[in-house]
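Please open the model in a viewer and keep the sequence panel in view. The stops below proceed from one selection to the next.

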Amino acid sequence: MKNNKPLILISNDDGYRAKGIQCLVDMVKDFGDVIVCAPNSGRSGSSRAFTVTDSLRLIKRHVEPGVEMWSCTGTPVDCVKIALSQLCDRKPDLVIGGINHGDNASVNTHYSGTMGVTMEGCMKYIPSIAFSICTHVPDPDFEPLRPYIRDMVQRVLKEGLPKGICLNVNFPVSKHFKGVKVCRMAFGTWGNEIDKRSHPRGFDYYWMIGDYTNDEPKAEDTDNWALTHGYVAITPTKMDVTAYEIMDDIRKWYE
């Protein structure tokens with residue numbers, strides 16, 4: 001890797017073979033040196049989990065000028081941690097998660113392994129972005145995302161992001177977008193999350209599924225509203241989860 005070029009670290013939660021991460025590398029590789037370290041298979045829903053009860057393995061999968069691709073047997077967060085420790089010859093200028101197959105808007109932010117990647121970069125004080133598209137099909141058309149992703153990556157490489165803040169970017173499925181909305185995370189809930197089934201050998205087993213409900217569908221300042229109406233949704237996301245607005249009320253308990 002050339003030390004005079006920006007270094008971009010990329011991971012995801014769909015695995016290194018996923019089309020989303022392959023397309024992302026193609027979109028940004030001319031901006032600098034790229035190191036990819038992604039799970040060896042899908043790890044959706046990993047959030048910020050990391051491995052403490054097992055060992056990890058790294059396997060080099062692909063090398064071309066300016067790009068190295070590695071897989072890791074751990075979680076998305078493991079991938080970032082091990083890449084920073086073992087693969088990067090300098091601190092990355094940018095960490096990117098994605099492109100995720102499936103939206104990470106609203107409360108999905110908290111479950112997302114792609115956001116786990118981005119949050120881990122943010123906790124290391126590295127400018128970080130997550131990109132997701134609102135479909136789980138394995139072969140979506142990512143080309144409409146290209147100019148938006150390239151523009152955002154260029155801007156963040158040039159201007160950075162404030163300490164403790166990363167970007168959660170979600171794209172609707174469309175050939176053309178109405179524009180970009182900078183918006184807040186919608187309040188929503190998941191219901192009917194457990195599907196109980198009976199195995200022919202006489203025991204019950206369960207699938208995690210669920211139906212999402214936007215609990216504020218008329219609010220026009222949310223990521224869900226933007227995506228539903230054909231806009232790219234950018235949600236600036238903070239590491240500091242302190243509820244400052246209630247601190248004085250809690251202090252009164254002890255006065």
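Which residues in H1 meet which residues in H5? Select both helices: Leu24, Asp26, Met27 and Val28 in H1 meet Arg146, Ile149, Arg150 and Val153 in H5, where a contact means heavy atoms within 4.5 Å. Helices (H or I, at least four residues) and strands (E, at least two) are DSSP runs, numbered from the N terminus.

This is a predicted model, in which local features need pLDDT of at least 70 and side-chain atom pairs count only at pLDDT 80 or more, while totals for chains, interfaces and linings use all residues. Residues are numbered from 1 along each chain as its sequence is written, and side-chain values use heavy atoms, with hydrogens and water left out.

**Helix H1 and its surroundings**

Remain with H1 and H5 and view the pair along their crossing. The two pack at an angle of about 60°, with their axes 10 Å apart; axes are lines fitted to C-alpha atoms, for helices over the stretch in contact, and angles run from 0 to 180 degrees between N-to-C directions. H1 and H5 are therefore oblique to each other, given that angles under 35 degrees count as roughly parallel, over 145 as roughly antiparallel, 65 to 115 as roughly perpendicular and the rest as oblique. Their crossing is right-handed, that is, the near helix is turned clockwise from the far one by less than a right angle.

Now select residues 19-28, which form H1; 7 of these 10 residues are buried. Buried means under 20% relative accessible area, exposed over 50%, and partly exposed in between (1.4 Å probe, protein chains only). The buried set comprises Gly20, Ile21, Cys23, Leu24, Val25, Met27 and Val28. Partners of these buried residues include strand E1 (7-11), strand E2 (33-39) and strand E4 (67-72).

Within H1, centre on Ile21, whose relative accessible area is 0%. Beyond its neighbours within four places in sequence, Ile21 has contacts that include Ile10, Ser11, Val36, Gly98 and Ile99.

**The nonpolar cores**

Next, display the largest nonpolar core, which has 33 residues. Such a core is a set of buried Ala, Val, Leu, Ile, Met, Phe, Trp, Tyr and Cys residues joined through side-chain atoms within 4.5 Å. The members that touch the most others are Ile10, Val28, Ile99, Phe131, Ile149, Val169 and Phe171. H1 gives the most to this core, with 6 residues. A second, separate core has 15 residues, among them Leu7, Ile35, Val95 and Ile126.

Leaving aside neighbours within four places in sequence, Phe131 is in contact with residues including Leu24, Ile99, Ile149, Met152, Val169 and Phe171.

Move to Ser11 in strand E1, which is buried at a relative accessible area of 1%. Its side chain reaches the backbone oxygen of Cys37 at 2.6 Å, a polar contact (a pair of N or O atoms within 3.5 Å; within protein, one must be able to donate a hydrogen and the other to accept it, and residues adjacent in sequence count only if both atoms are side-chain atoms). Ser11 also has contacts that include Ile21, Pro76, Gly98 and Val117.

From Gly98, step to Ile99: the peptide bond between them is cis, with omega near -5°. Ile99 lies in strand E5.

**Helices H2 and H4**

Select residues 76-87 (H2) and 113-123 (H4), which pack at an angle of about 30° with their axes 8 Å apart. H2 and H4 are therefore roughly parallel to each other, and their crossing is right-handed. Pro76, Val77, Val80 and Lys81 in H2 meet Gly113, Gly116, Val117 and Glu120 in H4.

Of the 11 residues in H4, 10 are buried. At its N-terminal end, Ser112 is the cap, with a side-chain oxygen 3.1 Å from the backbone nitrogen of Thr114. H4 is followed by Tyr125, whose phi is positive, near 60°.

**Two further positive phi values**

Most residues other than glycine have a negative phi. Ser106, in the loop between E5 and helix H3 (108-111), has a positive phi of about 55° and is buried at 0% relative accessibility. Finish at Asn192, in the loop between strand E9 (188-191) and strand E10 (194-198): its phi is about 50°, and at 59% relative accessibility Asn192 counts as exposed.
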